[in-house]
Amino acid sequence: MHFKRTHKCTEVSNVAIGSSVTVMGWVSKVRDLGHLIFVDLRDRTGIVQLVMNADDKENYVIGQSLHQEYVIEAQGIVHARAEGMANPNMETGAIEIAVNAIHILSEADTPPFVVSDQSNVKDETRLKYRYLDLRRNSISKNLMVRHKIASLARRYFEENGFLEIETPILTKSTPEGARDYLVPSRVHPGTFYALPQSPQQYKQLLMVSGMDRYFQIAKCFRDEDLRADRQPEFTQIDLEMSFVDVDDVIAMNEGFIARLMREIRGVEISLPLPRLTYAEVMRRFGSDKPDTRFGMELCDLTEVVRGSAFSVFSTAIENGGSVRAIVVPGGSAMSRREIDGLTEYVKTYRAKGLAWISLGETIKSPIAKFFAEEKLQEIIETCDAKQGDLILIVADKNKVVFDALGNLRLHVAKNLHLIDTSKWNFLWVTDFPLFEYNEEEGRYTAMHHPFTCPRDEDVELLESAPEKALAKAYDIVLNGYEIGGGSIRIHRSDMQEKMFKAIGISPEEAEARFGHLLEAFRYGTPPHGGLAYGLDRLVMLLCELSSIRDTIAFPKVQNASDLMMNAPDVVEEKQLKELSLKLDLPKETE
C-alpha cells in the first residue's frame with residue numbers, strides 16, 4: 001500500500017472541495033477524451049469520478065492502462081465539476097477528484113459481464129460469478145439493509161431484556177415438517193445428526209431453564225422444493241418469552257415492527273396493528289396472508305344459488321362446498337381469450353373451471369341460461385357489482401374455492417395494476433385452526449407444530465371435535481406475505497399428551513421423538529410463547545424485491561445447488577468409509 005484511504009467513494013462531497021483525499025476501489029468505467037481521462041471508481045458505497053490530465057504524463061499513462069475491475073488507489077484534490085457538467089443521478093455528481101497520484105493494486109481479466117446496475121445478465125451467470133454480482137450497487141445495498149435490520153433487531157430486543165443465545169446446528173432429527181438435512185456421524189457409525197428446521201425445541205428448553213427472554217438470528221435448514229421466496233438454508237429472527245400470553249407477544253413485536261419501519265424506511269405506522277381471525281381472512285380474501293392494499297374481496301353466493309339448475313353449483317353445495325366470487329372493477333373490457341386464460345389459471349389450484357358474468361352494455365355469461373333474470377340480478381346485487389365489472393365465480397370444496405379465488409384475486413390485481421404499491425399494510429392473523437386433516441394419512445396433523453397451545457375454551461374439543469379447535473397462534477402479514485409467525489406453547493405434560501393423542505402420536509412414539517422435551521417439562525415449565533421472522537423475506541419486502549435471492553450473499557438456485565462453489569459435489573471414497581457409508585445410486589438408463 002502506498003497510501004492510507006481517507007474516504008470511501010461517496011463520502012467525498014462538496015464539503016471536501018479543495019481538500020486532498022485518498023480513495024480506493026474498482027474501476028467501473030474509463031473514458032479517454034484524448035487530453036483528459038475520466039475514471040468512475042466504485043466501492044460498496046457507490047461511485048466517484050476521477051480525472052487525469054495529459055499534462056501529468058506519469059499518471060495519465062497509468063490512466064490509459066486501466067480497464068474495468070482493476071483495483072486502484074488514487075490521491076488527489078476534490079474539485080467542483082465544471083458548470084453544466086454535474087450529474088444529478090450520482091450521489092457524488094457535483095464533484096470530481098483531480099488525481100495527483102495513482103497506483104494499480106490489482107489487474108483484472110475481462111469479466112464475464114459488465115458490473116453495472118444496467119447490466120441485463122442471466123441469473124445463472126450472476127450466481128456463478130456472485131462475487132462480481134455483489135459489486136453492483138443495486139445488489140450490495142440489499143446486504144447493507146439486511147445488516148441494518150439484524151443490527152436493529154439486536155438493539156431492540158436487548159433493550160427489552162432479551163438474551164442473545166446460540167443454539168446447536170447439529171441436532172436430532174424429529175421429522176414433523178419438511179424433510180431434514182442429515183449429517184452422518186463418524187464417531188457413532190450408522191447414526192445421524194439433523195440440521196435444524198428451526199430452533200423450536202431449543203428455545204422452549206431455554207424457557208424451561210429460566211432464561212425468560214431469548215432471541216437469536218438463527219440459521220435454519222429445510223430439504224424442500226424451492227421457489228422465488230424459499231431457500232434450503234434461510235435465516236430467522238427467532239424469539240421466545242416466558243410468563244406471557246398472545247397479547248404480550250404481539251405488543252412486543254409491534255414495537256419492533258414500528259421501529260423497523262421508522263429506521264429502515266422512514267415510515268410511521270399506526271399501532272396497534274389490525275387483527276383479523278383466520279376464519280375472517282379466509283372468508284374475505286381466500287388467503288391466510290391477505291394483501292389488503294386493494295379490494296376485490298370474496299363474495300359468498302352459496303345461499304343465493306342453492307338449488308339452482310346449474311349442476312356445477314348445486315353439486316359443490318351438496319358435497320359440503322361453497323360458491324364464491326370476486327368482482328373485477330372494469331373487467332367487462334376483458335376479451336373472451338383473457339377470461340379463458342383466467343380459467344386455466346384457477347385450474348392450477350385444482351378448480352374445475354371458472355364461471356363469469358360480464359356487465360358491459362349488456363349482461364353476458366355462459367351460465368345465464370341456468371338462471372331466471374331475477375336470480376341473475378340477485379347474484380349481481382349480492383356481489384355489489386356495477387356496470388363495467390366482471391364477476392368471476394368458483395364452486396368446489398371450500399379449500400379449493402379459497403385457494404383458487406385467493407390466488408386469482410392477486411393475479412388479476414397485479415395484471416390490472418390495482419395494487420397501491422406505496423402502502424405498507426401490516427396485520428395480524430389470529431385464531432388459526434389447531435389441526436388440519438391430512439387426507440393421504442387419514443388423520444389430523446398440527447397446522448403449525450405439535451407444541452402449539454389450544455385456546456383455553458377449546459381444550460375440551462381435542463377429543464370430541466378436533467376440527468373445531470382453534471390455536472393460540474398468530475402470523476404477522478405485510479402486503480400479502482407472511483413475514484413472521486408464532487404461538488403460545490403447551491407447557492403442561494397432560495396437555496401435551498392430549499395433543500399428541502389427537503394427531504395420532506402414541507406415547508411410545510412421542511417418547512422416541514420428543515422424550516428430551518417431555519422430560520424437561522416434568523421439572524417445572526413456565527407458560528411461554530414466541531415468534532420467528534423470516535429475515536430473508538423481510539429484507540426482500542423492505543428492499544421492494546421480487547425474490548429473496550438478492551437478499552442473501554451466496555444463495556442457491558432452484559435445484560438447491562451452489563453454482564459458484566459447485567456444491568453439492570462428490571466426495572472421496574475415503575471420506576465415505578470413515579463415515580461407514582456406502583452409496584447405492586440408481587443405475588443410469590441407457
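Q: How far apart are the axes of helix H5 and helix H15, and at what angle do they pack?
A: Helix H5 (residues 200–208) and helix H15 (residues 507–521) have axes 10 Å apart and pack at about 20°. That makes H5 roughly parallel to H15, since angles under 35 degrees count as roughly parallel, over 145 as roughly antiparallel, 65 to 115 as roughly perpendicular and the rest as oblique. The axes are lines fitted to C-alpha atoms, for helices over the stretch in contact, with angles from 0 to 180 degrees between N-to-C directions. Helices (H or I, at least four residues) and strands (E, at least two) are DSSP runs, numbered from the N terminus.

Q: What kind of model is this?
A: This is a predicted model: local features need pLDDT of at least 70, side-chain atom pairs count only at pLDDT 80 or more, and totals for chains, interfaces and linings use all residues. Residues are numbered from 1 along each chain as its sequence is written, and side-chain values use heavy atoms, with hydrogens and water left out.

Q: Back to H5 and H15. Which residues meet?
A: From H5, Gln201, Gln204, Leu205 and Val208. From H15, Phe514, His516, Leu517, Ala520 and Phe521. Contact means heavy atoms within 4.5 Å.

Q: How do the residues of that H5 contact with H15 divide?
A: Six nonpolar, three polar and no charged. Ala, Val, Leu, Ile, Met, Phe, Trp, Tyr, Cys and Pro count as nonpolar, Asp, Glu, Lys and Arg as charged, and the others, Gly among them, as polar.

Q: Now H10 and H12. At what angle do their axes cross?
A: Roughly 135°, for helix H10 (residues 336–347) and helix H12 (residues 398–415). Their axes come within 9 Å. That makes H10 oblique to H12.

Q: Which residues make the contact?
A: H10 gives Leu342, Tyr345 and Val346. H12 gives Ala404, Asn407, Leu408, His411 and Val412. By class, the contact of H10 with H12 has six nonpolar, two polar and no charged residues.

Q: What lines the largest cavity?
A: Leu127, Arg130, Phe554, Pro555, Asp562 and Met564. They divide into four nonpolar, no polar and two charged. The volume of the largest cavity is about 30 Å³, where a volume is the space filled by probe spheres set on grid points joined across faces, edges and corners.

Q: And the second largest pocket, how many residues line it?
A: 19, with Tyr181, Leu182, Pro568, Asp569 and Val571 nearest its centre. Strand S7 (182–184) and helix H17 (573–578) each give two or more residues to that lining. The pocket holds about 690 Å³ of space. Its lining has 15 nonpolar, one polar and three charged residues.

Q: Where does Pro568 lie?
A: In the loop between helix H16 (535–542) and H17. A cis peptide bond joins Ala567 to Pro568, with omega about 0°.

Q: What joins Leu271 and Pro272?
A: A cis peptide bond, with omega about 0°. Pro272 is in the loop between helix H6 (246–265) and strand S11 (275–277).

Key
On a 1 Å grid over the protein atoms alone, a cavity is a set of points where a 1.4 Å probe fits but cannot get out, and a pocket is an open set with protein on both sides within 12 Å along at least five of seven lines; lining residues have an atom within 4 Å of a point.
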